[in-house]
Amino acid sequence: MRATGSFSAKANCVRRRYEYLFPTSGLGEDELDNEKVVQDRIARFNNILSRYLGSHLFHNFTDKMKGDDPTAQRYILECTCSESFTIENTSFVKVSLVGQSFVLHQVRKMVGLALQVFWSRLPPETLDLFMSPEKELQTPTAPALGLLLSECFFIFYNRRFQKELRKPIALDHFREVAEDFKRSRIYNVIASEEARTSSMKKWISLLPEGIPLDTGTIIGEVEMLSNAKREAEDRRKRRLESLYPVFEDLDLVFQIQDLAELEQRKNTVMQVKQTFDREFGYSPSSIVRVPGSVVMIGDWLELLELPCIGFALPDGVFTAVAKSSDSENVRVNHSHEELADAVLRRNGCRMASAQDSTKVEWSRTFSLGWQCGVTGKGMRPKTLPAARVMIGGELGARDNELGADSAYLLAGLLTFMDLHAWKIPRLEMAKMCFGWEKQGRGSATGLMKYLCSLEGKHNQLLLASITPKLSTLNVKLP
């Protein structure tokens, strides 16, 4: 098998497979002839090994390394224990590990800790404790006998030099020969040496001294770590929920129990999409919906920093959008026949129109929303792509008492954000729009209108508190 002159087995290797062999008695010396018992033990051991999969910190699996050392981060793609097999009349199992790279002693310590957890009947999550950056713990090291480097992967090298290579540098071409060689020349030596020294049996007898923590302490630490992970995951989910969501399932978008109403809403989406296809000759990349809103208590009271109550409406504004390469502007068409289309410059400013001003008044607030996005993202107009937008929906452009102004402004901002894959928290988005009102460039509808459209949910009241900081709460209606 030929390679290029620049080939380096060490530098070009992107993954390595290690094997670790040990007698099946390492998982329990009794009932070795009972196949079901042995399989159950292997299954439990595999459940422990699976905790290693993914990217983790392995500072406790080598020498002189701290949890804040970035080189301790390693990625494990495979970590499994095989079914039992026989070598020289002795039953063995094999742990196979595939990773991008390994630190010194990592494989032996990974197997050693997994066996410690297995014999101590600790929860598999114990491994997470040893891979957490805050912990510096002593990890048991399994005997050196049984460890071998089984395979190297040169995936990117083969892909880069596929024209120069007659065959890819890989074990696949002679895997059967390699397996026969391991069994006849390596596995037999491991089995013979294990029979002579009983290294695994002696090592397991010393396992209680392997981890300097009692079982109760470890379980307590694992529970604390699990709680911390759950809290971090909850914070992550809340952060994601605070961004304006993108759904693939329309049922999740509308959250409507009435099937007739849900079907009507889906038809509206399809009408907007079909109109976009017909007008522009291609499909939109995404569709944005902004519901209308009604403020029950507190319209403009947010200026006095008093609580407000409102709700989002079932009716709303829909926009379908896609980038365009055949124009330098943003063309915005409205599906309602009584309303005229509009053209925006890339920075969001409206271009002059010969149409009746009442027919293009809707585009004023949509244009302001687009400009708000351009300013907020800090993009230069020359770098902005041209786009095609189709507007539709159940909310009339003149239904200002139902939040039409704020809905159109938000539609402009959200359409711009979706087109540029930009997300910010919804509360920040509402404050951004309201900030334009203070500068005399908004729709003069108040912060609460934006909050209702962004934070409101179907058939729920929205309670908004301005002090000590802006916060919202949805309350289900009875």
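**Helix packing and a few residues worth a look**

Arginine 121 sits in the loop between α2 and α3 (126–130), with helices (H or I, at least four residues) and strands (E, at least two) taken as DSSP runs numbered from the N terminus. Keep in mind that this is a predicted model, where local features need pLDDT of at least 70, side-chain atom pairs count only at pLDDT 80 or more, and totals for chains, interfaces and linings use all residues. Residues are numbered from 1 along each chain as its sequence is written, and side-chain values use heavy atoms, with hydrogens and water left out.

**The chain overall**

- The chain has 14 helices and 13 strands.
- Of its 478 residues, 46% count as buried, where buried means under 20% relative accessible area, exposed means over 50%, and partly exposed is in between (1.4 Å probe, protein chains only).
- Take the contacts (heavy atoms within 4.5 Å) between residues at least 6 apart in sequence: 69% of them join residues at least 24 apart.
- The accessible surface of the chain comes to about 25200 Å², and 51% of that belongs to carbon and sulfur atoms; the areas come from the Shrake-Rupley method with a 1.4 Å probe, and for residues only the protein chains shown count as cover.

**α1 against α2**

- Helix α1 (residues 35–49) and helix α2 (residues 106–120) pack at an angle of about 125°, with their axes 10 Å apart. Axes here are lines fitted to C-alpha atoms, for helices over the stretch in contact, and angles run from 0 to 180 degrees between N-to-C directions.
- That makes α1 and α2 oblique to each other; angles under 35 degrees count as roughly parallel, over 145 as roughly antiparallel, 65 to 115 as roughly perpendicular, and the rest as oblique.
- On the α1 side, Arg41, Arg44, Phe45, Ile48 and Leu49 make the contact, and on the α2 side Ala114, Leu115, Val117 and Phe118 do.
- Sorted by class, that contact has seven nonpolar, no polar and two charged residues. Nonpolar covers Ala, Val, Leu, Ile, Met, Phe, Trp, Tyr, Cys and Pro, charged covers Asp, Glu, Lys and Arg, and the others, Gly among them, are polar.

**α12 against α14**

- The axes of α12 (residues 404–419) and α14 (residues 447–455) come within 9 Å and cross at roughly 60°.
- So α12 is oblique to α14, and α12 passes α14 in a right-handed crossing.
- Ser406, Leu409, Leu410 and Leu414 in α12 meet Lys449, Tyr450, Ser453 and Leu454 in α14.
- The residues of this contact split into five nonpolar, two polar and one charged.

**Positive phi in loops**

- Arginine 121 has a phi near 55°, a positive value in a residue other than glycine, and arginine 121 is exposed, at 63% relative accessible area.
- Serine 198, in the loop between α5 (175–197) and α6 (199–205), has a positive phi too, near 50°.
- Serine 198 is partly exposed, with a relative accessible area of 26%.

**Two other residues**

- Histidine 420 lies in the loop between α12 and α13 (426–438) and is buried, at 14% relative accessible area.
- Beyond its neighbours within four places in sequence, histidine 420 is in contact with Lys377, Met379, Leu384 and Pro385.
- Arginine 183 belongs to helix α5 and is partly exposed, at 40%.
- Arginine 183 and isoleucine 87 are 96 residues apart in sequence, and 8.2 Å apart in space, C-alpha to C-alpha.
- Not counting residues up to four places away in sequence, arginine 183 touches Phe85, Thr86 and Asn188.

Terms used
Left-handed = near helix turned anticlockwise from the far one by under 90°.
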